[in-house]
Amino acid sequence: MDDTILEMRRITKTFPGVTALEDVTLSVRRGEIHAICGENGAGKSTLMKVLSGVHPTGSYDGEILFDGKPVQFRGIRDSEANGIVIIHQELALVPYLSIAENIFLGNERRGRGGLIDWNRANAEAAQLLESVGLHENPVTPVIQLGVGKQQLVEIAKALSKKVRLLILDEPTAALNDIDSAHLLDLLRALRDQGITCIMISHKLNEITAIADSTTVIRDGHTVETLDMLADEVTQQRIIRGMVGRDIDSFYPDRESSPGEEVLRIEDWTVRHPVQDRMVVEGVGLSVRAGEVVGIAGLMGAGRTELAMSVFGRSYGRDISGRLFVRGREVHARTVAEAIDNGIAYVTEDRKRYGLNLIDDVRRNVSAAALDRLSRLGWVNGNEEIKVAESSRREMNIRTTSVMAVVGKLSGGNQQKVVLSKWLFTDPDVLILDEPTRGIDVGAKYEIYTIINRLVAAGKAVIVISSELPELLGMCDRIYTLAAGRITGEMPVGEATQESLMELMTKDKELVG
Amino acid sequence: MTSIKTPSTERPTPSDSTPAAALHTGTSDLRALVLNNLRQSGIYVALVVIVALFALLTDGVLLSPGNITNIVLQYSYILVLAIGMVILIIGGHIDLSVGSVVALTGAVSAVLVIQQGHPWWIGVVAALVVGVAVGAWHGFWVAYAGIPAFIVTLAGMLLFRGLTLQVLDNISLSPFPAEYQKVAAGFLNGLLGGNGFDAFTLLIGALAVAGYAVSGFRTRVARIRYQQPVESFPLFVARVVAVGAVIMYFAWQLAHARGLPIVLIILAALVLVYGLLTRRTVFGRQVYAIGGNLSAAALSGVKVRTVNFWMFVNMGFLAAVAGVIYSSRSNGAQPAAGNMFELDAIAAAFIGGAAVTGGVGTVVGAMVGGLIMAVMSNGMQLMGVDQSTQSVVKGLVLLVAVAFDVYNKRRAGSAR
C-alpha cells in the first residue's frame, strides 16, 4: 500500500509579484483517490498546472518524481505521454464535433495512408463509452449532451490516452446530485482498475465520501495530508485545515420575521425559446419581506428559466401569468422594467452573464443602475467611485483598488461584485441563482452573511441552489420544482434532504 | 487571505485597502505610471518616435509649417471616420461601408450644389441627412434583424457604391462654389492680424492649453475631494506643460503657414464631444458594456438594440461629415471617391489600442493611431518612397501594433 506513484517535492512557483506556491509537497499513493482542497486562490490549480506541464519545467523550483523517476515536463504533451491527464473545470470539448472525434482529438486513430480510420475510431470510442457507463452513440455531437455526460466524455478521452494518473479539477461543480453520484461511482471503479485520481473539490461531503487521502493547501503552502481511512476525518476537520480554525457553523444564524408579501407570481408559464415545449408550467409562488425562499430542483427542472422569465422576460417566449410586486400587478417586459420594479436577478454564471470581465470593479458595480449616478445622461465618475468604494468596504471585496479588472479577482470576490451591482439597484426582491457556486468555503460564509444582512434590512430573497444543505441552512421556506412545475412547498423546519429530493424527482416519472 | 468570521465579530477592514487619505500625496513614480498604462502610453511613445524619425529623415520638412497644415488637411476625414469606427469597434461591431458612404454623401451634395445650383449649405445638410439615413439602415439590420455588422456593412459597401454611381450617373462633378470649398480648404486667418504670423491661431492655441489646464485641475480637485488617488502635483504640472508645449508648437507652425484650418476646428470639436461622450455619458458606458460582455449588459438592463442602432446612426453621420470634407477638399464628387477609407479608419482604431474582441478602445487612441498612419504616409511621400513600399510599411505597422496589443494582454493576463 505504501507504493508512491507521484511525489512533488518543495515546489515553489512565483508569478511577477506573487508567490503562488511555496515549498509545496504532495505525495500520492498508487491506486488511490487523493483529494486536494483549499480555498480559492490557495494554489490548488497552480499546483496541478505545474504537474501537468502547463507551467513548464524551469518556470518553477522543486522536483517531481513520477513512478520514482524524476520527470521534467515541457508541456502538456510530455505529461500525457507519461499517462498524466488533467480534466479542467471548464470542459475542453468541441461542441460541434462528435463524441468520437472529441475523444481522439489530437490523438487520431490513423489507418492506411495517414487518413483517419473512422470505423476503428468509432468502435474504440464505443468501448470507452461503455467503460465510463455512458450509453450514447459515438457519432452524436457533444453539444447534444448535458454537462454530466460531457464530463464522462472527458473521462473517456483521458482513458483513451492510457491514463495512469487522472487529475480532475472540480469535476462535480456543474453537476446535479444524480450526475455527481454517478461520477463518484465511476471514479471508484477507475480506482479499482488501478487508475490513480487526484481530485480538486470544494464539496467536502464528496471528499469525505470518496477520498482515500486528502491534502489541504492554504495560501500556497501544504498544510497537512489526512489519511481518510485511518482517522475519523470529518468535514469540520478539513475545514479547520483549510481556514486555519473551526467555524462554529456553516450557516450564520438569523432571526426570521417575515413581513408583508413583496413578490407573487401566479400561473406562470414559459415556453422554450426555440423548441416546442413548456419549460415552466403553471408556477405560483410568493416571497415576503425579510424572508428567504428557496427553490430546489434538479438541473433541467426550469429553475433558472423561471427566474429569468420573471426578470424582464429575459428567457423564453409566450410567457403568461401574473406578476405582483407589493400587491400591485406589474408587466415587466424588459430587464430595465424589471429593475425599475425592484427585481434583481443574480445569475448562476457570473462570467458569462454577470460581469464585464475586462472592465474594472467600479464600472461593473454601477452597470445596472447607471441612471442613479447620472444626470441628463452624464455619469458622475467621482460619485461612481465612491459607490464602488463603499461596496468594496461593505462586501469585503478583496482587491487592491476599485479600478482593478474584475477578471483577475477570485470567484468569491467576483460574486461579491455581482451582488454589489444588484444591491446598488436598490431592489425589493433579489433572486440569487446558485449564489455560492464555485467559490470557496470562506467566501460562501461571507455570502450567507450578506444575505442575512439583506433580509434583516427588509429585502425579500429567493435562493435557487443545487446544494440542499445550503437551502436547508439558509431558507425560511422551500419550494420544490420538477419538470417546470411546483411539486411542493414547506417551511424549512419540516424539510429534510430526503423529503426535498423525493419532491424534486416526483414529477419526472409522471411527465417524463 | 480569506478568514472566516462569525456573525458576532466585527468585520475588520481588509488589510490591503490603503486608507484613502494616504493617496492625496499622489505618486511620482513615472515608470510605474507608464508601465501601468502601457497599452495607452505605448501609442503616444510610438507617435513621438515616428514623428522624430521622419522629421530626421526629411531634414525637418515633416514639421515645417506648410507640411503640418498639409497633414491636417489630408487626413482629417480619416480621423473623422476613425471616431465613429472606434465606437463601433468598442461595441463589438465594424463598418466596412464608410468609404462608399463618404462617396454617396459627397455625390448627393455635389448633385444638389453643382448640378442643381442650390446654396452650399443645402448640400451639407442633405449629405448629413443621407448619412444618418444610411446609418439607420445599417442600424436596423444589425440591431433589430440581428445580422452581423460585418455582413450588413459589406452589403452596404456594395449597395452604396452602386447608388453613388447612379446618383452621379457615372461621371465626376466639379467644381464646388467657393463657400463649399472653404470647409476643407478654408482657413481662419488674419482675424486679429499679426506680424508674419496669425495671432488668432495662437490665441486659439493658448485658449486650448488654458482649457486643458483648467479642466485637468478641476478634475484633480474633484478627485481629491472624493479621496481618490491622483498624480503628484509636480507631475501634473509637468504633464500640462508638456501637452501645452506641443499644442503651442503646433499652433505656432500653423500660424506661420496659412492660419487655422477650418477642418481642424471641426475635428477638434468632434474629438472633444466624442471623447466626452464615450467616457462620461451613460450611452458611452453602455457601448463599452455591450462590447465587453453582451449578455451581461443585456441582463443589466442595457437596451442593447437601441444602443447598437444609435452607434450605427452615429457612424453614418460621421461618414457624412467626412464625405462633406472630402468632397470639399477634392472640389467635386467622383464615383470612386472614398475607396478603401474604411480600412484606414479601422487601422487607426486598432493601432490606437482598440481590441478586436470589443469592449476596449478610446477616441483619443484612435486619433493617435490615425496620426501615426498619417505621419508615416506623409513622411514617406516627402521622402519620395514608392507607393508600393508605403503600402507594405503601413501593413506591417498595423500588424505589429495589434501583435503588441495581444502580447500586452497576455502579459497582463499571466501577471496575476
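**Close-up 1. Helix α15 of chain A is mostly covered, with twelve of its 16 residues buried.** A residue is called buried if 20 or more other C-beta atoms lie within 10 Å of its own, exposed if 12 or fewer, and partly exposed in between, with the C-beta atoms placed from the backbone. This is a predicted model, in which local features need pLDDT of at least 70 and side-chain atom pairs count only at pLDDT 80 or more, while totals for chains, interfaces and linings use all residues. Residues are numbered from 1 along each chain as its sequence is written, and chains are lettered from A and ligands numbered from 1 in the order in which they are written. Helices (H or I, at least four residues) and strands (E, at least two) are DSSP runs, numbered from the N terminus. Among the buried residues of α15(A) are Val441(A), Tyr445(A), Ile447(A), Ile451(A) and Val455(A). From its first C-alpha to its last, α15(A) reaches 23 Å, close to the 22 Å expected at 1.5 Å a residue, where the expected span is 1.5 Å times one less than the number of residues. Just after α15(A), Gly458(A) takes a positive phi of about 95°.

**Close-up 2. Six strands of chain A form an open, mixed sheet in the order β16-β19-β20-β13-β21-β22.** Two strands are said to pair if DSSP finds at least two bridges between them. At the edges stand β16 (343-346) and β22 (485-491) of chain A, each with a single partner strand, so one side of each is left without a neighbour in the sheet. From one strand to the next, the twist averages 20°; axes are lines fitted to C-alpha atoms, for helices over the stretch in contact, and angles run from 0 to 180 degrees between N-to-C directions. Helix α15 (residues 441-456) of chain A packs on this sheet, where it touches β13 (292-297), β19 and β20 (460-465) of chain A, and its direction makes about 150° with that of β20(A). Contact here means that the C-beta atoms of two residues, placed from the backbone, lie within 7 Å.

**Close-up 3. Strand β21 (residues 477-482) of chain A has six of its six residues buried, so it is largely enclosed by the rest of the structure.** Arg477(A), Tyr479(A) and Leu481(A) lie on one side of β21(A), and Ile478(A), Thr480(A) and Ala482(A) lie on the other, so that both faces are covered. With β13(A), the strand β21(A) pairs in the parallel sense over five bridges, and Ile295(A) has Tyr479(A) as its bridge partner in β21(A). With β22(A), in contrast, β21(A) runs antiparallel, and six bridges join the two; here Pro491(A) in β22(A) is the bridge partner of Arg477(A). The hairpin of β21(A) and β22(A) has two residues between the strands, and Ala483(A) takes a positive phi near 50° in it.

Close-up 4. Most residues other than glycine have a negative phi, and most peptide bonds are trans.

**Close-up 5. In chain B, the peptide bond from Ser174(B) to Pro175(B) is cis, with omega near -5°.** Pro175(B) is found in the loop between α6 (149-168) and α7 (178-185) of chain B.

**Close-up 6. Leu73(B) is found in helix α3 (residues 65-90) of chain B.** This residue is partly exposed, with 19 other C-beta atoms within 10 Å. Leaving aside residues up to four places away in sequence, Leu73(B) touches Ala184(B), Ala185(B), Pro261(B), Val263(B) and Arg329(B). Gly291(B), by comparison, is 218 residues from Leu73(B) in sequence and 32 Å from it in space, C-alpha to C-alpha.
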